[in-house]
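Biologist: Could you walk me through this model, one question at a time?

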Amino acid sequence: MTKTLPALTLLAAGLAQTAGAEEINALVWCDHADPALIEPFEMATGITVNLKEYEGTAAGLAILEQSQPGDWDVMVIDGVDVGRAVDAGLLAELPADKLATADFFPELVMPEVNTRDGKTYAVTEKFGYNTIAYDKTKVDPADMEDMAKITSGKYDGRIAIYDYYMPVLGLMQVASGGKTAEMTADSLAALKAPLMALKAASKSVGDVVSSQTALATGEVDILIGGGEWLTAVLASENANLDWTIPTQGAVRWSQSLAVLAGSTKQDAALQFVNYITGPEGQARLATSSCYWGMPANKKAGDVLTADQKTILRWDNQPDYLARSQLYPVPDAALDTAMQDLWTEMLQN
Amino acid sequence: MTSIQTTERRKAFAFVAPALVWVLAFFVVPFAVMAAVSVSRMEGRDIVHGFFLDNYIRFFADPSLFKGLLISLEITGMVTVISVLLAYPLAWIIAMQVPARWQRLALMLAVLPFWTSYVVRSYAWLLVLGQNGVINKALMGMGLIAAPLEIASTRTASVIGFVHFFVMLLTLTIYSNLIQLSPNYARAAADLGASAFSTFRHVILPLTLPGVVTGAFLTFVLCIGDYITPQILGGNNELTLPQLIMLQLGRRGDFPMASAMSIILMAVVTLAYFACARWLKLDRV
């Protein structure tokens with residue numbers, strides 16, 4: 001009896017704890033799957049975060065479509081696609097006064113993306129650049145400052161293209177002196193010739209892993225569309241990989257975090273949002289083992305180490321932010337036209 | 001009908017029922033759903049159900065999409081022919097030259113690469129075929145080439161990756177055919193004055209054709225529907241039909257178009273089946 005009683009007490013305590021434990025389900029990108037990011041939140045709050053990774057907004061929306069309201073509580077989404085999710089009625093309004101946006105880089109609050117009719121539906125959590133990544137021992141770094149030199153013929157067969165139509169077409173638009181915000185299905189025709197020329201000069205078109213492998217193994221020396229998100233995670237193994245923003249500019253990507261409208265755990269979901277967008281969460285997210293990126297919250301700079309800030313080019317951000325343009329935000333027609341052009345390029 | 005006959009019929013049905021339910025649940029119903037979705041259309045980002053042939057018309061009218069089918073057929077054709085040409089001698093050696101007690105070990109060694117992950121194997125090939133890969137370093141080290149060969153991220157790389165896999169499959173199907181062949185056929189041909197080549201050409205090859213065709217058909221089906229190998233090894237420099245289907249799903253969210261392209265892929269496989277039906281002996285695999 002003396003042995004049984006403590007065991008039963010422990011069992012009862014365990015059951016009580018299990019019954020009281022809260023869980024949230026999160027649809028995320030691979031950078032959130034790093035235990036170093038999630039475990040501190042779970043330990044501090046007792047909230048278990050069940051993660052499901054996805055790639056591409058279409059895939060994420062398809063998962064939501066096949067789920068019941070309430071199945072998912074939070075979602076990471078491409079900044080440019082927040083409006084699409086709001087249109088579909090998928091996102092819950094966030095209490096703007098409880099978000100940490102006052103500590104953000106001003107350019108990353110992005111009300112044009114995260115708010116609709118004065119209501120906030122998402123918050124930017126991470127950003128970076130789709131620009132030029134390269135091996136500095138194999139190319140002339142000065143050439144990398146000019147898009148025209150990269151495609152001049154000097155590096156033919158040594159270039160890979162990141163296989164995502166949105167940033168690379170945006171980069172082509174920027175390189176041609178245009179603005180990503182002014183892209184239309186008609187203006188896209190002007191990008192066809194330079195895009196096909198870029199393809200002809202390239203060795204491969206690859207996803208994140210393929211592009212990283214190609215650059216890291218020396219299969220190619222330049223990656224169009226790459227940036228810190230691709231090279232930073234390899235910095236410790238291959239210090240020769242570098243990135244820059246050419247004089248013409250680059251495209252800025254951002255990812256947002258949102259609470260889903262059907263969630264029945266809005267408070268826990270908001271706690272998660274606040275952790276991820278707070279200084280500690282931001283620093284951990286910025287240096288996730290899957291890929292690195294700049295934190296939207298400036299106060300993450302107090303948590304990041306000097307080496308980490310060097311890799312992220314922390315001190316260059318004012319200049320980079322000024323010289324980069326947001327991803328194009330296409331409507332359905334432009335999106336279709338961009339994907340048609342991209343498919344044609346791949347098959348060319 | 002007697003009660004015995006009725007009971008027998010019920011028993012027979014009971015035996016067949018699980019297989020029928022399986023086929024209905026996992027083939028007929030999904031296929032019907034896919035066929036229905038394939039005649040829907042996208043309007044903006046919404047699927048409009050109905051009976052529209054837009055997706056099929058677009059597939060054959062858009063060169064970028066139709067080219068995917070041609071590329072798939074070209075790659076699959078090359079892979080099937082090369083795999084057969086490599087697997088037949090290998091199966092022949094194992095079945096006819098290797099002592100019976102070592103055949104099991106020889107077969108196990110032949111299919112050893114099956115034990116590794118498909119994705120890992122493809123990435124391993126990428127490292128072997130790359131500019132700084134084993135092949136280029138060896139050739140340059142021997143002074144046979146001055147500059148590295150461009151093999152990775154090409155169709156050749158996809159074909160090599162496929163052939164590596166399918167030679168194993170074909171070796172098994174051809175071996176299983178060869179091993180069933182009585183040595184008396186060859187002896188009889190030799191007694192009648194046939195040369196070794198004539199014996200092979202007129203006796204052995206026709207008798208082993210079912211194994212060859214069965215393996216070739218399985219190679220065709222698995223290769224034309226494969227997405228991983230060309231995605232990793234082909235460098236996205238040309239897209240096969242399965243890659244284009246994945247583009248419709250993952251990037252465009254265009255389920256009607258993806259369904260239409262999948263139906264077309266199934267139609268191609270069905271045509272291949274009818275073309276091979278005369279020789280197919282799937283029960284011998």
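**A pocket and a helix pair**

Biologist: Which helices and strands each supply at least two residues of the lining of the second largest pocket?

Modeller: This is a predicted model, where local features need pLDDT of at least 70 and side-chain atom pairs 80 or more, while totals for chains, interfaces and linings use all residues. Residues are numbered from 1 along each chain, chains are lettered from A, and side-chain values use heavy atoms. A pocket is an open set of 1 Å grid points where a 1.4 Å probe fits, with protein on both sides within 12 Å along at least five of seven lines, and lining residues have an atom within 4 Å of a point. The elements (DSSP runs: helices of at least four residues, strands of at least two) are H3 (57-65), H4 (82-87) and H15 (332-347) of chain A, with S1 (41-43), S2 (46-48) and H2 (54-61) of chain B.

Biologist: Which element gives the most to this lining?

Modeller: The lining of the second largest pocket has eleven nonpolar, five polar and twelve charged residues (Asp, Glu, Lys and Arg count as charged). Among its 28 residues, Met42(B), Gly44(B), Arg45(B), Asp46(B) and Gly253(B) are the closest to the centre. With six residues, the element that gives the most is H15(A).

Biologist: How are H9(B) and H12(B) oriented to each other?

Modeller: H9 (196-224) and H12 (255-276) of chain B pack at about 175 degrees, with axes 10 Å apart. Angles over 145 degrees count as roughly antiparallel. H9(B) and H12(B) are therefore roughly antiparallel.

Conventions: Axes are lines fitted to C-alpha atoms, for helices over the stretch in contact, and angles run from 0 to 180 degrees between N-to-C directions. Angles under 35 degrees count as roughly parallel, over 145 as roughly antiparallel, 65 to 115 as roughly perpendicular and the rest as oblique.
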